[in-house]
Structure formats: C-alpha cells, structure tokens
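Trainee: Please take me through this structure one feature at a time, giving the general idea before the particular case.

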Amino acid sequence: MVCGGFACSKNALCALNVVYMTDVINASWWVMSNKTRDELERSFDCCGLFNLTTLYQQDYAFCTAICKIRRPTCQMCGEKFLKHSDEALKILGGVGLFFSFTEILGVWLAMRFRNQKDPRANPSAFL
C-alpha cells in the first residue's frame, strides 16, 4: 500500500483499535515461552494476561511477580500492555504528523523555486 504523509499516519493509528491490539497481544502471549512470560510479569509487575480463557487461572497460579506477594490480586498484564502500546502509538503518531508537515513544506518549496529564472543569466536569452 502506498500512502503519503498525513493520510498514512492517520489511517495507521485508526486501524490499530483496542480489539485488534487485544487479539495481537493474546495471540503473542500464548506463543511465548514460560521464561519470557515470567520476565514480562516481573518487569511490568502484573500477573496473567486477560481473564478471557480458562488458561488464565493456571497462568495466574504460576505468576512470580512482586504484586502477588503484596496484594491478594494483581493487575492483569493485558491492561498494562494496552496502556503502554497506546502511549507508544500516540508518540509515533506525533512523529508521523511532524514528518508529514515537513513533506508538505518540501513540496511547496520545490514548486515555488523550481521554475525561477537565473538572475545572472542573459535576459535576452531564450529559456
């Protein structure tokens, strides 16, 4: 798909809604190794992914995060991943919009100065 600047960044951000991100996170969670899941749970201080499957209870039982020791219930990792990805997409959208406006400025400058006559050239010469 070919797109330019503003339209591409806007459409890319609108396409990544919460339902799609939930599906992506859920699919990748069950592909990960147990070691990777444990490291993510410890670094984000959460247990389990979403309470959508029967595997959630098993995943929560083997959780080694610190929040499980301090409180009886921990926040689910899926919620934290969604919040973190939302923040990252907002930053990426801002960067995309910045470069879109610089592209528009470059096109305007190219159109403005492309066909100017050279002031040092002979005025009677045919261009």
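Trainee: Where is the place of Arg37, and is Arg37 buried or exposed?

Mentor: Helices are DSSP runs of H or I with at least four residues, strands are runs of E with at least two, and both are numbered from the N terminus; on that numbering, Arg37 belongs to helix 3. A residue is called buried under 20% relative accessible area, exposed over 50% and partly exposed in between, with a 1.4 Å probe and protein chains only. Arg37 therefore counts as buried, at 10% relative accessibility. Please keep in mind that this is a predicted model, in which local features need pLDDT of at least 70 and side-chain atom pairs count only at pLDDT 80 or more, whereas totals for chains, interfaces and linings use all residues. Residues are numbered from 1 along each chain as its sequence is written, and side-chain values use heavy atoms, with hydrogens and water left out.

Trainee: Which residues does Arg37 touch, not counting residues up to four places away in sequence?

Mentor: A contact means heavy atoms within 4.5 Å, and with the sequence neighbours set aside Arg37 touches Trp29, Trp30, Met32 and Asp59. Asp59 sits in helix 4 (residues 55-61) and is itself buried, with a relative accessible area of 11%. The C-alpha atoms of Asp59 and Arg37 are 9.3 Å apart, for two residues 22 positions apart in sequence. Beyond its neighbours within four places, Asp59 is in contact with Trp29, Trp30, Arg37, Glu41, Gly48 and Leu49.

Trainee: How many aromatic pairs does a search of the whole structure find?

Mentor: Rings of Phe, Tyr and Trp (for Trp, its six-membered ring) are paired if their centres lie within 6.5 Å, and the pair is stacked if the planes are under 30 degrees apart, edge-to-face if over 60 and tilted for the rest. The search finds 3 such pairs. One of them joins Trp29 and Phe81, which are 6.1 Å apart centre to centre with 50 degrees between the planes, a tilted arrangement. Because Trp29 lies in helix 2 (residues 18-31) and Phe81 in helix 6 (residues 77-113), this pair ties together parts that are 52 residues apart in sequence. Phe44 and Phe81 make an edge-to-face pair, with 5.0 Å between centres and 80 degrees between planes. That pair, too, links distant parts of the chain, with Phe44 in helix 3 (residues 34-44) and Phe81 in helix 6, 37 residues apart. Trp29, Phe44 and Phe81 form one aromatic cluster, in which Phe44 is partly exposed at 25% relative accessible area, while Phe81 is buried at 11%.

Trainee: Which residues make up the largest nonpolar core?

Mentor: The general expectation is that nonpolar side chains in soluble globular proteins tend to be buried together. A nonpolar core is taken as a set of buried Ala, Val, Leu, Ile, Met, Phe, Trp, Tyr and Cys residues joined through side-chain atoms within 4.5 Å. The largest one here has 9 residues, namely Met21, Ile25, Trp29, Cys46, Leu49, Phe50, Cys77, Phe81 and Leu82, and helix 2 and helix 6 are the elements that give two or more residues to it. Another core, of 6 residues, lies apart from this one and includes Cys47, Cys63, Ala65 and Cys67.

Trainee: What salt bridge do the side chains of Asp86 and Lys90 form?

Mentor: The rule asks for a side-chain nitrogen of Lys or Arg within 4 Å of a carboxyl oxygen of Asp or Glu, and the count by this rule comes to 1. Asp86 and Lys90 meet at 3.7 Å, N to O, and both lie in helix 6, 4 residues apart, about one turn of the helix. Asp86 is partly exposed at 40% relative accessibility, whereas Lys90 is exposed at 60%.
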